Amino acid sequence: MTRPDPGPRLADARRIIVKIGSALLVDDATGAVRREWLDRLADDVAALRARGQDVVIVTSGAISVGRRHLGLTGRRIRLEQKQAAAATGQIRLAHAYAETFARHGITVAQILLTPEDTESRRRHLNARATLETLLGLGAIPVVNENDTVATAEIRFGDNDRLAARVAQMISADTLILLSDIDGLYTADPKRDPSARHIPVVPALTAEIEAMAGDALPGYSSGGMVTKLAAARIAVGAGCRMVIAQGGRANPIAAVEAGAPCTWFLAGGGPRAARKRWIAGSVKPKGVLVVDAGAARALLAGRSLLPAGIVAVEGRFERGDPVVVRTADGRDLGRGLAAYGSGDAIRIRGHHSDEIAGILGYQGREEMIHRDDLALVEEAQ
């Protein structure tokens with residue numbers, strides 16, 4: 001396989017997820033955060049922000065940092081000890097990120113997620129709203145798995161998949177996995193000197209997936225297996241992904257300068273992928289009947305406002321999929337409701353500035369945001 005000309009460029013990205021593994025961030029001998037490396041990475045991220053790109057960081061390392069400070073070294077530790085180590089390490093990691101980005105006048109915010117937060121629809125919506133709000137306010141969210149409350153065995157490599165799920169959640173178009181290797185090879189280059197580097201993967205085929213090897217022992221696990229699992233999640237959501245060598249200083253700048261890496265390409269963007277998912281793989285829970293003015297607005301690419309709704313059918317909760325239908329029975333599309341059916345009935349026909357007075361709280365202005373709506377003509 002050869003790299004296309006021109007190749008994928010980070011400068012083209014609108015919203016970037018950067019995943020940092022514990023082996024890069026934490027010194028194995030001391031358990032301390034590698035501050036000089038983190039400072040150089042923060043310089044890279046600040047440069048992305050300066051040209052108007054959104055950035056979210058997904059970080060590992062809480063357990064690796066915390067276990068040293070609790071004396072949990074040199075032996076296999078139990079789940080509850082990992083949870084205790086994470087509780088200690090999360091504070092130290094958050095402090096390190098806050099300090100390094102303060103040099104650039106950038107605010108960071110810590111968000112702790114579990115797989116359920118990305119898979120449960122309502123928790124997914126809450127996490128997505130928080131991330132979107134932080135980005136809108138100019139902050140950099142720093143996401144980690146909430147290892148302190150994990151009830152199953154914690155695996156450090158899961159943050160590859162968590163990063164892909166965060167990319168899917170907020171419709172990111174680029175995911176950067178910083179690793180101890182500069183991309184995908186036809187075989188493990190540590191064991192096979194004839195292994196060839198693959199600069200671009202147009203599609204995740206069985207042949208590509210067969211190239212993944214097992215994780216090497218140590219604090220950082222997951223290896224290429226979890227990275228390809230992350231790639232499948234990301235590209236399925238319309239988000240391209242790159243695996244790059246993270247051990248060098250300024251690793252993101254190195255990718256932009258042409259350092260070897262592996263790009264996994266996505267067919268179409270995240271917005272189109274999300275609309276395909278809404279249109280084709282979601283079972284509707286109810287119906288919103290709209291007037292002629294709302295129908296025209298939707299077909300023109302606008303959101304559905306409560307004022308344009310004339311009837312609410314079925315029982316559904318916030319975040320559930322619903323059909324949008326005209327008064328004469330024509331289905332316009334499907335979308336994710338910003339309000340449950342009870343509240344939808346109360347605010348239908350009213351202007352958005354009346355919502356707080358009717359419901360007693362200020363929710364979203366739209367019943368269905370245009371990004372959460374797939375029209376029939378878009379799915380054809």
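Modeller: C239 is buried in this predicted model, because its relative accessible area is 0% and the cut-off for buried is under 20%. C261 is buried as well, with a relative accessible area of 2%. A disulfide is a covalent bond between the sulfur atoms of two cysteines. The structure holds 0 disulfides. For C239, the nearest cysteine sulfur is that of C261, 14 Å away. The sulfur of C261 likewise has its closest cysteine sulfur in C239, and 14 Å is too far for a bond, because a disulfide needs the two sulfur atoms within 2.5 Å.

Next, the nonpolar interior. In soluble globular proteins, nonpolar side chains tend to be buried together. Here the largest nonpolar core has 41 residues, and those touching the most other members are I17, V143, V166, L175 and F264. Several elements each give two or more residues to this core, including strand 2 (54-59), strand 3 (108-113), helix 6 (121-136), helix 7 (158-169) and strand 9 (240-245). Another core, of 40 residues, lies apart from the largest one, and I20, L24, A62 and V65 are among its residues.

Key: Residues are numbered from 1 along each chain as its sequence is written. This is a predicted model: local features need pLDDT of at least 70, side-chain atom pairs count only at pLDDT 80 or more; totals for chains, interfaces and linings use all residues. Side-chain values use heavy atoms; hydrogens and water are left out. A nonpolar core is a set of buried Ala, Val, Leu, Ile, Met, Phe, Trp, Tyr and Cys residues joined through side-chain atoms within 4.5 Å. Buried means under 20% relative accessible area, exposed over 50%, partly exposed in between (1.4 Å probe, protein chains only). Helices (H or I, at least four residues) and strands (E, at least two) are DSSP runs, numbered from the N terminus.
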